Amino acid sequence: MKRKDLNHLKIDAITFQSNSNSFTGKTIDGIYIASKYTEEDIALLEDIDLAAGFAPYVRGIDTLMYVQKPWQIKQPLHEIEAENCNTFYRNQLAENQKEITLALHAITQKGLDSSSLNAEQLTEHTGVILDTVEDMKVLLHQLPLSEIAVSIQTGEAILPILAFYIVAAQEQGIDTKTLNGNLYFDGLEINLNSSAFHASTSTKIHRDSLVYMRQYMPKFNVLSFSNNSLKQLNVTADQEVAFTLIQGIHYIKMGLEAQIPIDYLASHLSFSWTIGLNHFMEIAKMRAARLLWAKLIKAFNPKNEQSLALHIHAQTAIDTKVTTTAIDHLTPSTIEAATAVFGGVQSLQIQTSTSDMAFAIHHFLELETKSCKTIDPWAGSYYVEKLTLDIADKAWSLLEEMKELELAEINPVVTHILHKTKATTLVEEQPGTEKKPTPDAVNKIQLLKHQYSERLEQIKSNRDTQKVQVALTQLTAGKATQEGNLLALAIEAARQRATIAEIQKALTL
């Protein structure tokens, strides 16, 4: 069949012009989305021609980004026993991974011991359970801690978990000054949702940890701020960026009060970003966050320009109540992972039901999509650049309102907004969607609790109860009097084989 001749048709450019001010809708963030974007829309964006690797780092914090070195892969953990987790980490290192993530079970993050575990928690959560420093030693057995970076995901139980890690490393003969890694937690979530600590206790825990680590573990980043609790609610993009960054500024001010230089503080903060499915908005949020962070830190007059760079460690966000099978995870995980890459993150953990699937997505993004061939592929996109500018402007207004407030004063403001938002965004769970533990899960939990119980009882019977009690009493006194370093006191309690629950309780008395 002969192809139709279209040469007689003339393309008139005027026919395809559209009004760049015609909006197709308004987002929940109060940002108008136009049907077309042009150069005029980004005329106010001052950094449009700035390269990656230079402040304010909108295009990325490294001059060559992934062209020089791809993002760091962080594999999700689907084990719960310390022995199995150790095997998983050793296999990762055998595959030339240079960083591992200690994913801890929800009850461990809260400072509870294994006796609190039930079958529902086994079904809903993964991650290793730690009762004492002995469990941490099993977890870290034969790992070359001086040669790799170790990230630790924690929650309320920051102090005992960090103490376990330090004591376990020391008892394996490792010089703590060689230890490198990050502590990940959502400080905003802890302060808003936890009744365990008063705000002053929480601040002292963070300050004492920072002071101790600077002296004995200077390569380890002990402070963390995150958007995770904000991501779980339908907050606006500017609120998400502003409330996240204000956490980091709180830690900066706290460190400066402890006479720690701004360049050290800015380079020892870990920023954990949970990625959503709104592809372009998420990319713009990460770009806006880097822009605003550089502007915020510059006000503290750092000597090193690299102190203005915001390192983003990202993870995809999968709602396990909705997506329950491996294939259900595939599409959202891939979209979110691609978003993280285009947003310029430094490391990425893809939350999927299997480690093989996560690794396959990493491989696909790095090699098959050719995403590492150029720097910041979305740079210059009128749409992405305009979204970046809109989010930055709105978030900066919020930051200006909050910058003089202490974190304890910010919490009520954030709480009001979150509760207001939560009331309008909660989705009623459908009947029959609740996960019920299978008979195999029930049997496994009974076996695990028995194993942990035996190990815990053995440790308690062999430890010096009087020394444990003295260490815990000193920890409680340190919290009450605001004297002494709480991390140093927790380390002593861990060394005497106090349990995670005992150390956490000593901080709440």
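This is a predicted model: local features need pLDDT of at least 70, side-chain atom pairs count only at pLDDT 80 or more; totals for chains, interfaces and linings use all residues.
**A pocket, a core and one aspartate**

About 920 Å³ of space lies in the second largest pocket. Of the 40 residues lining this pocket, the closest to its centre are Lys69, Gln72, Glu99, His313 and Gln346. Several elements give two or more residues to the lining: helix H1 (65-68), strand S3 (72-74), strand S6 (180-184), helix H11 (262-266) and strand S9 (269-275). Sorted by class, the lining has 16 nonpolar, 16 polar and eight charged residues.

Next, the core. The largest nonpolar core has 140 residues. In soluble globular proteins, nonpolar side chains tend to be buried together. Here, the residues with the most contacts inside the core are Leu102, Leu145, Tyr165, Leu245 and Trp293. Take tyrosine 165 from that list. Leaving out residues up to four places away in sequence, tyrosine 165 touches Leu102, Met136, Leu140, Leu145, Val150, Ile152, Leu179, Met217 and Phe220.

Last, aspartate 376. This residue sits in the loop between helix H14 (355-368) and helix H15 (382-402). Is aspartate 376 buried or exposed? Its relative accessible area is 8%, so aspartate 376 counts as buried, the cut-off being under 20%. What does aspartate 376 touch, not counting residues up to four places away in sequence? The list is Arg59, Arg287 and Phe342. With arginine 287 there is a polar contact, side chain to side chain, at 2.6 Å.

Key:
Residues are numbered from 1 along each chain as its sequence is written. Side-chain values use heavy atoms; hydrogens and water are left out. Helices (H or I, at least four residues) and strands (E, at least two) are DSSP runs, numbered from the N terminus. Buried means under 20% relative accessible area, exposed over 50%, partly exposed in between (1.4 Å probe, protein chains only). A polar contact is a pair of N or O atoms within 3.5 Å; within protein, one must be able to donate a hydrogen and the other to accept it, and residues adjacent in sequence count only if both atoms are side-chain atoms. Contact means heavy atoms within 4.5 Å. A nonpolar core is a set of buried Ala, Val, Leu, Ile, Met, Phe, Trp, Tyr and Cys residues joined through side-chain atoms within 4.5 Å. On a 1 Å grid over the protein atoms alone, a cavity is a set of points where a 1.4 Å probe fits but cannot get out, and a pocket is an open set with protein on both sides within 12 Å along at least five of seven lines; lining residues have an atom within 4 Å of a point. Grid points are joined across faces, edges and corners, and a volume is the space filled by probe spheres set on the points. Ala, Val, Leu, Ile, Met, Phe, Trp, Tyr, Cys and Pro count as nonpolar, Asp, Glu, Lys and Arg as charged, and the others, Gly among them, as polar.
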